[in-house]
Amino acid sequence: MRTLRPLAALAATAALLLTGACSASKSPGGQTPSGFTPPRVPMRQSLGAGEGSVDVVAWAGYVEYGQDSKTVDWVTPFTKATGCKVNLKVAGTSDEMVALMKTGQYDTVSASGDATLRLIAGGDVAPVNTKLVPNYATVYPGLKNQPWNSVGGVPYGIPHGRGANLLMYNTAKVTPAPTSWGAVFDPNSPYKGHLTAYDDPIYIADAALYLMKTKPSLGIRNPYALTADQLNAAVTLLKDQKPNVNAYWSDYTKEQASFDSGDFWLGTTWEVIQQAVAADGKVKTAAILPSEGSTGWSDTWMVSAHAQHPNCAYEWMNYIVSPSVNAQVAEYFGEAPANSQACGYIKDNPNFCADYHANDESWWRNVYYWNTPTRNCVDGSGRNDCTDYAQWVTAWNEIKS
Amino acid sequence: MHLNRRSRIALRLAMALGLAVLYVPLLVVLLNSFNASRSFAWPPTGFSLRWWQAAWQEPGLRTALWTSVRAGLGATAVALVLGTMAAFAATRYRFFGRQAVSFLLILPIALPGIVTGIALNAAFRTVLTPLGIGFGLFTVIVGHATFCIVVVFNNVSARLRRLPGSGEDASADLGAHTFQTFWYITLPAVRGALFAGALLAFALSFDEIVVTTFTAGPGTQTLPLWIFDNLARPNQGPVVDVVASALIVLSALPVWLAHRMSAP
Amino acid sequence: MHRSPVRRLAGALHRRPGLRLTALLSAPMAWLVLAYLGSLGVLLLSAFWTTNDFTSQVEYVWNTDNFANILSDPVYRTVALRTLGIAVGVTVVDGALALPMAFYMARVARPRSRRLLLVAVTAPLWAGYLVKAYAWWVMLSHGGVLDWAVGTPGFGVPAVVITLSYLWLPYMVLPLYAAFAQLPDSVLDASADLGARPWRTFRSVVLPLVKPALIAGSIFTFSLSLGDYLTVQIVGGTTQMLGNVIASDVTLNLPMAAAVSCVPVLLIVGYLLAVRRTGAWENL
């Protein structure tokens, strides 16, 4: 999911920017937002009969109808049960998801935290009536009504699953075992030339999180709400890190192969990659949640404000977070399920839920889920002096230049 | 040219080195397609046919291949027509702005794909979408043809410049009209150049990623886009090596045939 | 004699060269001017717009801030110079590799093997850009093929130059091969008769004659490298090129991306115009 597919995203968003320019004037919030008030979009009050189909935007691996392997298929049973045919559009990045949803041609989307607020602010998604989604009741409470999936106590989506950006290391090369992100941010690292980091502006949040825990004088309260000074501090940290980095990784394949080959010894990872490296057995690795905690992601099924098939969309949201299907998706994709009963339905790996900390709420308390940096600080302080995502992009270019 | 022994040996070595540079990475691709591991890392952990099997069973791959072939054929056809017309204009006539025409033909292939891609994307949105034409195979063909015209143009004009006009004059003197002369005299003479240009145009289209991304609609997936997606998907790594290996082998035949036909 | 409409049209065309020229030029020019140049113009024009910080949407306010930014911010200069250096490096490497190969193929190899060699050089074009870039990742990686054989330079600028040179090599060999093949034997024999050794003949007679083809090949290698941003993500380590900057800006700040695009566009247009008189345009 976090697989970067820049091309498609570029295409979708470039188109949007070029042609959506005409509607720039009616963007919500205006030019100098003083507080986050989403546009009024009515919430569905009751459900009717299915419309016969539903148009879905999702991450690769979330909506499987046997395209990868005949045995991996949870769409066909859904269609059989509800009569809703599923038309899937796989998105590569959050930017692409936003762009696709803005076309108004899709009914539902599996948005990550760095896209949800943009969709809500743009009036592209509607609040979700959780009473119409019976399986919402058994979703982990820790995922409900969070800053990235609700505004002012109104839920805008159904949680799908979550993961953390962990610290992975080659156990033979990295001794003693690291316990802190300091291992990747030490300018005099003994592992010079073997570090790695995620190649995306959102990685700045990892540096900000480290600074938040180790340099209280900077006053960082949330890794996604940085003032210009705080952003600068994170940028400096990342610039100092760069000479030690072997390569940044942006796609799954590269990180997996680089740990296998011994180019990478230490750096951020997703659990699913570490498991793949472990399965290959070429090198011994471990992935830990360092003492500072980590960044992470939690995806949300949202329903379009312009849905043509709202009944089927609600059916889909309810279906995909049902314990057995949620378990299937989570295991196939490699992430922690959102439904608290899903662990009872895991099939292949008996340790799956323990490996992915599905039930360990205290573990997740140290995970700072991705959010979109906006000028209107996302830490809930009501302040208005934060750097936005475009500034993060510029900063990331500066770091890499 | 008379070369002494030493020069000949040096050149032969250079050729061998060049071919080695070209083929060692492809050999790596081929070996990795039999990799038992799920990643690219060298050396392979063991021998396995699982990726060949996976590629065979993947329906999306065949669809993508077919889409790429159709896009390549479409773009090549457009490029053949437009490139040949422009080549005749530029070689058989002298007119003001001839250089500007050449420049304009070269520009799409010389400018970065990302610039061409964004520009075309914007143009399609503003012009085609209101007409009810969405992004899809059609827009991909338009995008690819734009940068393929120049290779046909250059191949055909190179041939035309060396082609004496006497054959065409004779044909006209014998009473053939313009189209008959073109069909019976000129076309056979430039056939080789057309094949060479078409082959290169098809190859350019077949391997194009960036412009394709910007011009393809949601449901249109060409082979390079399929490869890109699979590199991003969990545990699909070496399956793209299978595709590449198969393509090199499969391409040898049409390439060889085309070279035969393009031989003067 | 019966005059069919086709014949009448043919007659009309035959009598009016101007009409013939217009007919021939109209379709390709309409395509390129309307479909390509128009959209390119609109894109580059958008470099003078701005982006709303909060909504990331384009605002139509004419200004030159983006260009001022590019000129004043050292980030862009560093990246632009590095990109230029890589493009030049790739061109030099490809030229050095392709010249002897093309010469051998066209003038030394027996006619039978000539065709085979041509196929051998062009076949890698079908393997796919990304697959080949990843093959070089395997070659260059720690413990990879190159590491076994001669040692690896690691990931970074040298790796990018190597990989891009590999990707574009056939585009350099093809025009050179065509040029060598067309060299008249008489010129070479004359040079030899006048006492020139092979190397002297090559330098003073052959090279000037194939220069247009060499430059034509360099248009491919130079401009394809200048705009690349995928290879550098795979083997570039922590390196960044202009294409990456453009790509990262496209999503949220299109006017800036358009402004940055002007850098490679100007470099390439400048290069094309500089080599205009050499006849390289006809050898692509």
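Predicted model: local features only at pLDDT ≥ 70, side-chain atom pairs only at ≥ 80, totals over all residues.
What is chain B built from? It has 11 helices and zero strands. If you like dimensions, the C-alpha trace of chain B spans about 70 × 70 × 30 Å along its principal axes. Of the 264 residues in chain B, 53% are buried. And if you take the contacts in chain B with a separation of 6 or more, 75% of them join residues 24 or more positions apart.

How confident is the predictor here? The mean pLDDT of chain B is 82, with 91% of its residues at 70 or more. Among the elements of chain B, helix α3, residues 59–92, has the highest mean pLDDT, at 90, while helix α11, residues 239–262, has the lowest, at 75.

Next, the annotation. An unreviewed UniProt entry lists "transmembrane region" for residues 65–89, 101–124, 130–153, 193–217 and 237–258 of chain B. Let me compare two of those spans with the model. Residues 65–89 of chain B are 100% helix, and their end C-alpha atoms lie 36 Å apart. Residues 101–124 of chain B are 92% helix and 0% strand, with 23 Å between the end C-alpha atoms.

So where do chains B and C meet? The contact takes 77 residues from chain B and 79 residues from chain C. On the chain C side, the largest share, 16 residues, comes from helix α2, residues 17–45. By class, that side of chain C has 59 nonpolar, 14 polar and six charged residues.

Let's look inside. The largest nonpolar core has 303 residues, and those with the most contacts inside it are I204(A), A102(C) and L176(C). Its largest share, 17 residues, comes from helix α8 of chain C, residues 157–182. If you zoom in on A102(C), leaving out residues up to four places away in sequence, it touches V173(C), L176(C), Y177(C) and F180(C).

I'll finish with one residue in chain A, Y224(A). Where does it sit? Y224(A) is in the loop between α6 (204–214) and α7 (228–241) of chain A. Is Y224(A) buried or exposed? Y224(A) counts as buried because 28 other C-beta atoms lie within 10 Å, and the cut-off for buried is 20 or more. Setting aside residues up to four places away in sequence, Y224(A) touches A205(A), N371(A), P373(A) and V378(A). Y224(A) and Y368(A) are 144 residues apart in sequence, yet their C-alpha atoms are 8.9 Å apart in space.

Thanks, everyone, and I'm happy to go back to any of these spots.

Note on methods. Residues numbered from 1 in each chain as written. Chains lettered and ligands numbered in written order. pLDDT = per-residue confidence, 0-100. Helix = DSSP H or I, 4+ residues; strand = E, 2+ residues; numbered from the N terminus. UniProt positions renumbered as here; feature names shortened; annotations may be inferred. Core = buried A, V, L, I, M, F, W, Y, C linked by C-beta atoms within 7 Å. Buried ≥ 20, exposed ≤ 12 C-beta atoms within 10 Å, placed from the backbone. Contact = placed C-beta atoms within 7 Å. Nonpolar A, V, L, I, M, F, W, Y, C, P; charged D, E, K, R; others polar.
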